[in-house]
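Student: I have not looked at this structure before. Please show me how to read it, feature by feature.

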Amino acid sequence: MANLKYYDIIKKPVVTEKSMNVMAEKKYTFIVHPDATKSQIKEAVEKMFDGAKVAKVNTANYDGKVKRRGATYGRTAKFKKAYVQLTAESADIELFEGL
């Protein structure tokens, strides 16, 4: 397993209509490092965002899609998505404010 620091784990937030609808329930979605574990993701969210207390983390691994350009086939990159549920008394994540 890779030696990951907390700032290497979260790559970017997922900003879609579905992910924005569940933010009212304090559920946030991030693209994370493929080797990151649930406990590492929890630690990274709590360190990166002040006042955030994570209740649970769900993850999903996605394989790359098959793409074609002419007669050549290839794949897009694999990625891992994390669904983070914050506690009721936790502060909201400011990154998503105003979206």
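Predicted model: local features only at pLDDT ≥ 70, side-chain atom pairs only at ≥ 80, totals over all residues.

The dialogue below takes the features one at a time.

Student: How many helices and strands does the protein have?

Tutor: Helices (H or I, at least four residues) and strands (E, at least two) are DSSP runs, numbered from the N terminus. Here there are three helices and six strands. Along the sequence they come in the pattern α-β-α-β-α-β-β-β-β.

Student: What box do the C-alpha atoms of the protein fill?

Tutor: Taken along the principal axes, the box is roughly 55 × 35 × 20 Å. The accessible surface comes to about 6800 Å², and 49% of that surface belongs to carbon and sulfur atoms. Such areas come from the Shrake-Rupley method with a 1.4 Å probe; for residues, only the protein chains shown count as cover.

Student: How much of the protein counts as buried?

Tutor: Buried means under 20% relative accessible area, exposed means over 50%, and partly exposed lies in between (1.4 Å probe, protein chains only). Of the 99 residues, 33% count as buried.

Student: How do I read contacts between residues that are apart in sequence?

Tutor: A contact means heavy atoms within 4.5 Å. Take the contacts between residues at least 6 apart in sequence: 60% of them join residues at least 24 apart.

Student: Which residues of helix α3 are buried?

Tutor: The helix spans residues 38–48, and Gln40, Ile41, Ala44 and Val45 are buried in it. These four lie on the same side of α3, because they cover an arc of only 130 degrees around the axis. The arc is that of the directions from the helix axis to the C-beta atoms. The general idea is that an α-helix has 3.6 residues a turn, so residues three or four places apart point the same way.

Student: What do the buried residues of α3 pack against?

Tutor: They pack against α1 (6–9), β1 (10–13), β2 (27–32), β3 (54–62) and β6 (79–86).

Student: How many salt bridges does the structure hold?

Tutor: A salt bridge is a side-chain nitrogen of Lys or Arg within 4 Å of a carboxyl oxygen of Asp or Glu. The structure holds three. One of them joins lysine 47 and glutamate 43, with the closest N and O atoms 3.1 Å apart. Both residues lie in helix α3, four residues apart, which is about one turn of the helix. Lysine 47 is partly exposed because its relative accessibility is 46%, and glutamate 43 is partly exposed at 40%.

Student: What about lysine 27 and glutamate 25?

Tutor: Their side chains meet in a salt bridge at 3.6 Å, N to O. Lysine 27 has 35% relative accessibility, so it counts as partly exposed. Glutamate 25, at 46%, is also partly exposed.

Student: Where do aspartate 92 and lysine 26 lie in the chain?

Tutor: Their side chains form a salt bridge at 3.8 Å, N to O. The pair links distant parts of the chain, 66 residues apart: aspartate 92 is in the segment after β6, and lysine 26 is in the loop between α2 (17–21) and β2. Aspartate 92 is partly exposed, with a relative accessible area of 36%, whereas lysine 26 counts as buried at 16%.

Student: What is the phi of lysine 26?

Tutor: Most residues other than glycine have a negative phi. Phi of lysine 26 is near 60 degrees, a positive value in a residue other than glycine.

Student: Is serine 90 buried or exposed?

Tutor: Serine 90 counts as buried because its relative accessibility is 5%. Serine 90 is found in the segment after β6. Not counting residues up to four places away in sequence, serine 90 touches Lys26, Gly51, Ala52 and Lys53.

Student: Which residues are in contact with tyrosine 28?

Tutor: Tyrosine 28 is in strand β2 and is buried, with a relative accessible area of 3%. Leaving aside neighbours within four places in sequence, tyrosine 28 is in contact with Met23, Ala82, Tyr83, Val84, Leu86, Asp92, Ile93 and Phe96. The C-alpha atoms of tyrosine 28 and leucine 86 are separated by 8.1 Å, and the two residues are 58 residues apart along the chain.

Terms used:
Residues numbered from 1 in each chain as written. Heavy atoms only, no water.
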